[in-house]
Amino acid sequence: MAEPEAPEPGKEEFHLSCKAFKGQEAQQIQKWLQTQVQVSVEKVTKKRPWNFAFVAVADASKLLTDGLAFKEAAVQVRSSKEAKPQAAKRHADSESLPDAKRQKGGEKIPILKELRDRIKNTKRSFDGDALEKSAPLMRWDYDTQLKMKHGYVKTAVRSFTKLALKRCEKLGRAVPPWCAKEWSQALGAPQHCCCLLDPPVGAPEESLRGWRNKCEFTIGRNEAGAIEVGFILKIQSDGSQVIGSVQEVPLVPACMQRLCRVVADFVAKSDFPVYDRRECSRRGVWRTVLARVNPAGDMLVMVQTTTLSEEDRQRFVTPLVAELTKDMGVTSVFLQFNDEVTDAARASAVVTHVHGKPRLDMPMLGLKLEVGPLSFFNPNTTTCRFLMETALAYLNLKQTEVLLDIFCGIGTIGLCAARHCGKVIGVDIVEENIQDARRNAEQNGICNTEFLAGKAEDLVPKILGDMDSTSEVVAVVDPSRAGLHPRLVDILRGRMQVSRIVYISCNAESMAEDVAKLGTSTEEEADDFVPTRTVAVDSFPQTVHVEAIQLLERASRVPDPRTKAPPAAA
Ligand SMILES: C[S@@+](CC[C@H](N)C(=O)[O-])C[C@H]1O[C@@H](n2cnc3c(N)ncnc32)[C@H](O)[C@@H]1O
């Protein structure tokens, strides 16, 4: 974080700090100084997240009185000269920053896990704007962000052995060899890591901003009560929400920022009210807007309302479509009806295609993929390519192998991998994803794929059970944040046809739990998995999120780095 600009020389300058300053604007501090403390203010330097400010005042006597308080919280006052030597310590002291870790070269890299935990704990009482909420890493340059993410994934890799040791103790079994310190040392892995860690894959300069290809905006009211289309900032105790503008949010592409303004104007002028989310009401019409954009700038938009009669629907659909399709690149418009308490509609909610093309083209590694409003697609088109390339390198497929693409979405990984292997079998719980995957295979002339809808934990045992024992299977798993179902872990570990697993995760902490389980079955003699290589891929610049790719191989195929002994016969 940049230090605040110091006040001009020659003025009486003070460093004020107070926990209630956090989230306040400079004008609020200035107003308090003038009206409550009654000092004449020359200058206030303060940024919103900081809990401190630099002020220059004409008469310091009132500032230096005991018991100075802002919103009933004590204010500490020091002269700026006195405060300066503290500046280096301030990163760690500030309530808004995670503890920093000093690297060998003297550079300080904040610890991402602490920031993530802090954000999780203050979710409901968040007191900032949409920029701070959705782009909390903005204050660090991108190089530092990438180091923070690499460090976070490294911490997760370090926990593989700790979690495996705990599990072995619980199961009363011996610890697998890859947990030994000597294993890590012989491999030349980073300290306390049981496997190699590749350099992180970052986003290119041109896609550090406006990278989201899909956003879901809420239609509601901002702090001042005006209609706003943007991100939820706060949920109040009565169920109402405060919506923050996305006009300054760097992850949102300019076309979607414009869309939010256009929809807000349209809603403000419409005869239908905004949906009131308070528990005592839960009435109204306008709820959310979903937008997807492709690299060509074509946009798909889905507007969610409560269920309307055909007559009411007709009253606003034509003018809404006219407004949306004026000059924003909107090529598809959908409506969704949702009468649930939350805006997360059920899979059975009615979705109607009301204008334009029914699908949006998403090019990927030479393929032409198509997505609908509800299909899953990686939210960052640029880094999705890097993610696919890295996953393919980790998969290292052979023509004799079958790729099991578990949690396949619209088939992105499987379709990119299809020409490198004998067959792809994809599984996803969402029927629309599977239909898209089949259509995508057909449109790209890919004939060696099969996509099945259902729960992975139910379908994968059947798929592997139907294969003969000599089949060579490689699995790629890309689950949601919760990680793998225990039944899926057991089946992947227990079926010897599965020789490698490439685990793609948006939550390295749940992945670590699964890696420990895949590496330690109840049977000590079993040929369990060994984590062999990891990499962080940053698909989410400016946010606290990162993807990790982990390769796991059967112990019998991994040479022991301590003895350089060849792998045991598979
Ligand atoms: C992180 S996405 C992965 C998408 C895909 N691999 C890609 O590259 O675009 C997780 C996917 O898991 C699916 N899913 C969630 N729970 C599931 C389950 N129990 N069984 C099968 N699929 C599931 C979701 O529908 C979603 O498409």
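A residue counts as near a molecule or strand if its C-beta atom, placed from the backbone, lies within 6 Å of it. Of the 18 residues around the ligand, F376, F407, G409, A456 and D478 come nearest. The model is predicted: local features need pLDDT of at least 70, side-chain atom pairs count only at pLDDT 80 or more, and totals for chains, interfaces and linings use all residues. Numbering starts from 1 along each chain as its sequence is written.

**Ligand shell**
- Helix 11 (412-417) and strand 20 (423-428) are the elements that give two or more residues to the shell around the ligand. Helices (H or I, at least four residues) and strands (E, at least two) are DSSP runs, numbered from the N terminus.
- By class, the shell holds 10 nonpolar, 5 polar and 3 charged residues. Ala, Val, Leu, Ile, Met, Phe, Trp, Tyr, Cys and Pro count as nonpolar; Asp, Glu, Lys and Arg count as charged; the others, Gly among them, count as polar.

**Overall build**
- The chain has 15 helices and 25 strands.
- Its domain assignment gives domain 1 (12-93), domain 2 (152-203 + 380-557) and domain 3 (212-364). Such bounds come from an automatic or database domain assignment.
- The centres of domain 1 and domain 3, taken over C-alpha atoms, are 41 Å apart.
- Along the principal axes, the C-alpha atoms fill a box of roughly 85 × 70 × 40 Å.

- 8 strands form an open sheet with mixed pairing, in the order 9-24-25-23-22-19-20-21. Two strands pair if DSSP finds at least two bridges between them.
- Strand 9 (196-197) and strand 21 (449-453) are the edge strands, and each pairs on one side only.
- Helix 12 (residues 431-443) packs on the sheet and touches strand 20 and strand 21 (contact: C-beta atoms, placed from the backbone, within 7 Å). The direction of helix 12 makes about 165° with that of strand 21. Axes are lines fitted to C-alpha atoms, for helices over the stretch in contact, and angles run from 0 to 180 degrees between N-to-C directions.
- Strand 22 (residues 472-477) and strand 23 (residues 498-505) run parallel, joined by 5 bridges. A475 stands opposite I501 in strand 23.

**Hairpins**
- Strand 11 (residues 227-235) pairs with strand 12 (residues 241-245) in the antiparallel sense over 5 bridges. G230 has S245 as its bridge partner.
- This hairpin has 5 residues between its strands, and G239 in the turn has a positive phi of about 95°.
- Strand 17 (residues 360-364) and strand 18 (residues 367-371) are also antiparallel, over 5 bridges. L360 has V371 as its bridge partner.
- Here 2 residues lie between the strands, and L365 takes a positive phi near 45°.

Terms used
Two residues are in contact if their C-beta atoms, placed from the backbone, lie within 7 Å.
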